[in-house]
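Hi,

Here's the structure I promised to pass on.

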Amino acid sequence: MKIEENSLFEKIIAKENLYLAAHQAALGKRFRDNVALWRLNIEEQVGRLHEDFKCKRYKHGSYKIFQIWDPKKREISVAPFRDRVVHHAFHDVIEPAVDKKFIYDSYACRNEKGTHQALGRADKFIRANRYCFHGDIKKYFPSIDHAILKGLLRRHIEDEDVLKVLDGVIDSSGELGLPIGNLTSQFFANLYLHELDFYVKHTLHCKYYIRYMDDFLVFDNDRIRLEGIRLNLGNFLSQHLKLQMHAGKSQITQSVKGVKFLGFRLYPEMRRMSTDGVRRFRKRLKSFRYLLQNGLMEESKAIESVNCWRSHSSYADTAILRKNIYNEVSRWNKNLAQAVVGDESKKKMFNGANRKKDDGADGQ
């Protein structure tokens, strides 16, 4: 069923919605120069943007591009703040209606979903099945086909004014792929692979399936059947979405040997952090030591980063791992070491809150 509301475009470009979009786009960034300047003249900026839409003269601006390592090299595209307001204005009206059509077990960039919910669901599936196929799509965001994506949008939206703007957002970064960094890119990417979800659930009738963006798992007790599913999925992605699975990362494994997913390795009876994730954290701590000892970083910033890691790591069996890191860090910074274990009592932490005796990291 399409979004048929005749006033959809008017609802999106209404000044009230643009003000709200500007607020959302500025969260966590309001003191940056370009954001602060836009917000300083927000009435004028919103009024001008509203008129540009009414007169059909809005055009997307150019991106600033930079590279990060997370953990591999990625190219991040940052749109001008004005365009980020537009992304929020369209996304926040359209996404809730389209999201209702997504399957339950799609977990990326959705309200009341996310990484930890996906991991919890995978824990249940791995305990019920002997085998798992872990699928990974090669260079997903850069490979998304614009014509296919535009066609998919037209299955859900009728308003031509809305579609024209969304077409412009899609084409704003080139002829192929989507820029990593746009709010709309996350929504478009989820919509694109909704086709895969529908195929898996309604054509292949796979009961145990989970997707987090381009990372997906299919569980089964029959390895031969799972081999057939892997072949079917590869053919579907290639023929219908012009995507290729990553051969080296798309493998069938026994559940008892562990399944790597979202930075963790899952087992029927426990959950570990991945080796790569632990290695990156240790490397970060090493850099913190240098920066702190040379007065190049505030201790509060380092503690904030460690607190985030501790919160994330607590979703795995990491008591002994955190004990070891605590002992290492306490030799040069007691406050940072305490952040590794948080408010948990040392007795509880160091006596092992693990379900099994384990250092908490895959292969460590």
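Let me start with the inside: the largest cavity is lined by F90, H91, I94, L166, T184, F187 and F188. The elements that each contribute two or more residues to that lining are α5 (81-99) and α10 (183-202). Keep in mind that this is a predicted model.

Next, helix α4, which covers residues 42-54. Its 13 residues, at 1.5 Å a residue, should span 18 Å, and the end C-alpha atoms are 18 Å apart, so the two agree. Buried residues in α4 are Q45, V46, G47, L49, H50, D52 and F53. What do they pack against? The partners are α1 (8-13), α2 (15-26), α3 (33-40), α5 and α9 (160-171). After α4 comes K56, with a positive phi near 60°.

Is H146 buried or exposed? Its relative accessible area is 5%, which is under the 20% cut-off, so H146 counts as buried. The H146 side chain reaches the backbone oxygen of I170 at 3.5 Å. Setting aside neighbours within four places in sequence, H146 has contacts with I170, D171, G174, E175, L176 and G177.

Cheers

Definitions and conventions
Residues numbered from 1 in each chain as written. Predicted model: local features only at pLDDT ≥ 70, side-chain atom pairs only at ≥ 80, totals over all residues. Heavy atoms only, no water. Buried < 20%, exposed > 50% of the residue type's maximum accessible area, 1.4 Å probe, protein only. Polar contact = N/O pair within 3.5 Å; in protein donor to acceptor, adjacent residues only side chain to side chain. Contact = heavy atoms within 4.5 Å. 1 Å grid on protein atoms, 1.4 Å probe; cavity = no way out; pocket = protein on both sides within 12 Å on 5 of 7 lines; lining within 4 Å. Helix = DSSP H or I, 4+ residues; strand = E, 2+ residues; numbered from the N terminus. Expected span 1.5 Å × (residues − 1).
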